[in-house]
Amino acid sequence: MNSIPRTLWVGGVIVGGIVILAILGPWIAPFEPDAFNVRSRLQPPSVIHWFGTDEFGRDVFSRVLAGAHHSLLMGFGATAISLAIGVPLGLIAAFRRGWTEEAIMRGVDLMISIPPVLLGLLILAVTEPGLGKTILAVGLVYVPIMTRVARAVALDLLAEDFVEAARARGEGGYHILVREILPNAWPPLIVETALRITFAILLGSALSFLGLGPQPPDSEWGLMIAESRPFISEAPWIGLAPGLCLCVLLIAVNIVGEGLRDLLDPRLRGRGH
Amino acid sequence: MVTDPLLSIQGLSLQYATQRGAVHALQDVSLAIPRGGAMGLVGESGSGKSSVVLALLGLLGEGASLTCDALRFDGEDLREAAARLRGQRIGVVFQDPAAALNPSLTIGFQVAEPLIQHQGLSREAALARAVTLLGEMGIPRAAEIARAYPHQLSGGMKQRAVIATALACEPELLLLDEPTTALDVTVEAQILDLLEKLRRERGVSMLLVSHNLGIVDRLCDELTVLYAGRVVEQGRCAPVLAVPSHPYTRGLLAALPRLDRGRMARLVPIPGGLPDLTQPMPGCNFQPRCPFALDACGAPQLLQGEARLSRCHRAAEIEGEAWPIPEAPEAVARPIPTPLLVAEGLARSFGGGGLFRRRAGTRAVDGVSLTIGRGEVLGLVGESGCGKSTLGRLVLRLISADAGHIRFDGQAILPEPSIAFRRRAQIVFQNPDSSLNPRQTVDEALRRPLIRFGIASGEEATREVERLLELVRLRPDYRSRYPHQMSGGEKQRIGIARALASRPDFLVCDEAVSALDVSVQAAVLNLLTDLRDTLGVAYLFISHDIGVVAHIADRIAVMYRGAVVEEGLAAQVLAPPYHPYTEALLSAVPVVGAQGRAKSRIRLKGDVSSAQGSAGCRFAHRCPRHMGAICDTVTPPMLAFGASHQIACHLPAEQLAAMPLALG
């Protein structure tokens, strides 16, 4: 009955395409992403090197392909972590109220008051950098927002009569939260998740740019942009290619988020008669 | 004398474009209001009442297409002139005064705004005029109120301010869309008095849209009954309501629980629901629900008659024939009620405490004791905010009590009750949309209590679910439905079935029929009565609608600001002696066919929220029979009239007994 919004189609196709390219990367890449070729360094885009080559003569297109899975992993992985920690915290805070809620929400306030990049830096500074750590750091940065969204959604739902009916049956907290609340909380949470992925990808790339993500010679879009800086005037394509890819991915994920919101949020759908 | 009517609608049809195709919201609607006249427009929700108002104002949204032969106001074509006339010569009052006022502007400015806009008055002059208007609307200390913001006013005061705004430019026509539906019955009576006075003194014409036939009967000379976008009956108000001609009008009246009818009389539910408006029927569109329908009803029906119009070709033929009343199942012999639930001194305050500062809480329920016998229905009435719902949740231990004891079937019920008590005491809610989990099918919703209380599982539970559906008169295939696939009445039945799944002895019905249209309400009330008779379930029946409570309850308790002020058998509470509050409450109920009652009406000043102080009688500040200092300082004693009737009042018993009948 509900037609899928066009935005969801467009965004979904682009994101799906990028995911497929990232998976197929090793097979379809024309060159080894790490293969040096000193004779063809800093070549502009051509038929052989679609996105040109970098200062070591590595094929930028192959490196962008190889780096795609890093960006995607950071986006989806970090969001999954924030969801896995934030949603239970938010639900418990809403359900228990009182001191439990105060403790959780003030802790969350504390986390939210630290700028995300600084928090990411802090987490990464005490450990060795690496992809897994970056994902964890970015995930933790977005826990507070997920907690708040989950709590707000749950508070609304807990005021519904069907929850009171469950209490009148003497149901426990687990049943009420998992069976009554969670199924109704998904639509707003999914929308929030989709939009959150955008920020996670961006923050992950920013941390990589600062050297706190995957380490060279691995390729990652944020890292590639950082490496291209010295050559920005003579060979702008080195940074432009991953930058543009990042833009396309972010916009597509964002469009998917908005499409999901239109699909799942009845308030924005406009009630049909 | 032939004069043109002030408002004339002829052949108004309206369609809304939707994904499912065009919805024919109004089909060939005609009505006329003479200067100084008042027309009532009634019908169930979805019948198109509000669409008429929006069409007159030219405020139909996008996707609406309107056709009509004439839409004239005092000779001007409203299709072109609506934007210019509304707010000036046509005033409008909507249902919810809280939504109609801008929360960030003062009351005075909002009343003055149309004067500045339309009449070009200066700000000062307009504000001065606004204060006068507010005063005329019966608002005390008008100059002070004009400087207040909406949230500082009670609902009744807000609605007065909205009416003042609508009247600012002295319109000739006032459109009233359910103007008192959001208000308590005593406040509603005040607003109706005000509207009556405006008609009498200013000669304002009115179009009153309402689902409440009692209100229409009080205020209007003429009546138009709308069903699924078509006018089915039209004529003078009193005769139409006394002897309705169209089967739908008859059904509406027969479905209404009335104070003046016998208790527990069967109500007439109108089966089925509104037809699909995307495919309007050529013939009578009420035919599928009509007990008088014949094959010939498939032919187009004309609105015919002389003084009174009726869209039914059998109107003359079936005159005097009553709606068939569904058979009641045989009542099991009811034992003499022995106490099932005994509550003593229940109390609960809200809003106290706080993390950083101590505040004085509001005492929602303040030392209430009550007893409900096996298979007995105790009706609980009172205005909103009196603590009815809180009390309902306290006796179920759904919220914790500050003080008091509860005994159920002889056993003390502790703040964390056993699962056995949970099984035996259940609740039915007001809002059918909120009471069912939107992500659970009917089967899941009904199966859960069966499993939870170890009543049945697997195949046996499936059979039990089907039995429950049968109990609430729904087909077994409803098992697989989700809430959004059902109508309000059907959802309410599922809510009742869920409460009955654990085979309880006691149900709290918290405004269980208030959100339903009368025709559906009648069906649910009949169902509740039958369940009481066949299963012996006891109810605490909470409602603001005294007609409904009078219909179903064995005993009635009247609550005011957290305490029970009167309690007794239904017949005792509905007849003198009354508590002064009960008297006012009964006197305020708009009743169909009660013209001439106005003179003897008792009116309360202010409303519940204008209460102050906790010493003395809670009702003292509004009491029309206030005796003096004793009422303000000393808690009134419980006076007993016979074994079962009690009134908390300082007035001498003889004086209470000498009160006139407040009803009819």
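Visitor: On what basis are residues numbered and local features reported?
Guide: Residues are numbered from 1 along each chain as its sequence is written, while chains are lettered from A and ligands numbered from 1 in the order in which they are written. In this predicted model, totals for chains, interfaces and linings use all residues, side-chain atom pairs count only at pLDDT 80 or more, and local features need pLDDT of at least 70.

Visitor: How many residues of chain A are in contact with chain B?
Guide: Two residues are in contact if their C-beta atoms, placed from the backbone, lie within 7 Å. By this criterion, 21 residues of chain B are in contact with chain A, and the number on the side of chain A is 15.

Visitor: Of which classes are the residues on the side of chain B that touches chain A?
Guide: Elements that each supply at least two residues to this side include β1 (7–18) and α15 (442–452) of chain B; helices (H or I, at least four residues) and strands (E, at least two) are DSSP runs, numbered from the N terminus. Ala, Val, Leu, Ile, Met, Phe, Trp, Tyr, Cys and Pro count as nonpolar, Asp, Glu, Lys and Arg as charged, and the others, Gly among them, as polar. The side of chain B that touches chain A therefore divides into 10 nonpolar, seven polar and four charged residues.

Visitor: At roughly what angle do the axes of α2 and α8 of chain A cross?
Guide: Axes are lines fitted to C-alpha atoms, for helices over the stretch in contact, and angles run from 0 to 180 degrees between N-to-C directions. Helix α2 (residues 60–96) and helix α8 (residues 173–209) of chain A have axes that come within 7 Å of each other, and the crossing angle is roughly 145°.

Visitor: Which residue is the bridge partner of B:Val428 in β19(B)?
Guide: B:Val428 and B:Gln426 point one way from β18(B), B:Ala425 and B:Ile427 point the other way, and all are buried (20 or more other C-beta atoms within 10 Å of a residue's own; exposed means 12 or fewer, and partly exposed lies in between; C-beta atoms are placed from the backbone). Strand β18(B) pairs with β19 (residues 506–510) of chain B in the parallel sense over four bridges. In β19(B), the partner of B:Val428 is B:Cys509.

Visitor: Which residue of β14(B) is the bridge partner of B:Val342?
Guide: Another open sheet of chain B has four strands in the order β14-β13-β16-β17, with antiparallel pairing. Nine bridges join β13 (residues 339–350) to β14(B). The bridge partner of B:Val342 is B:Thr371.

Key
Pairing = 2+ DSSP bridges.
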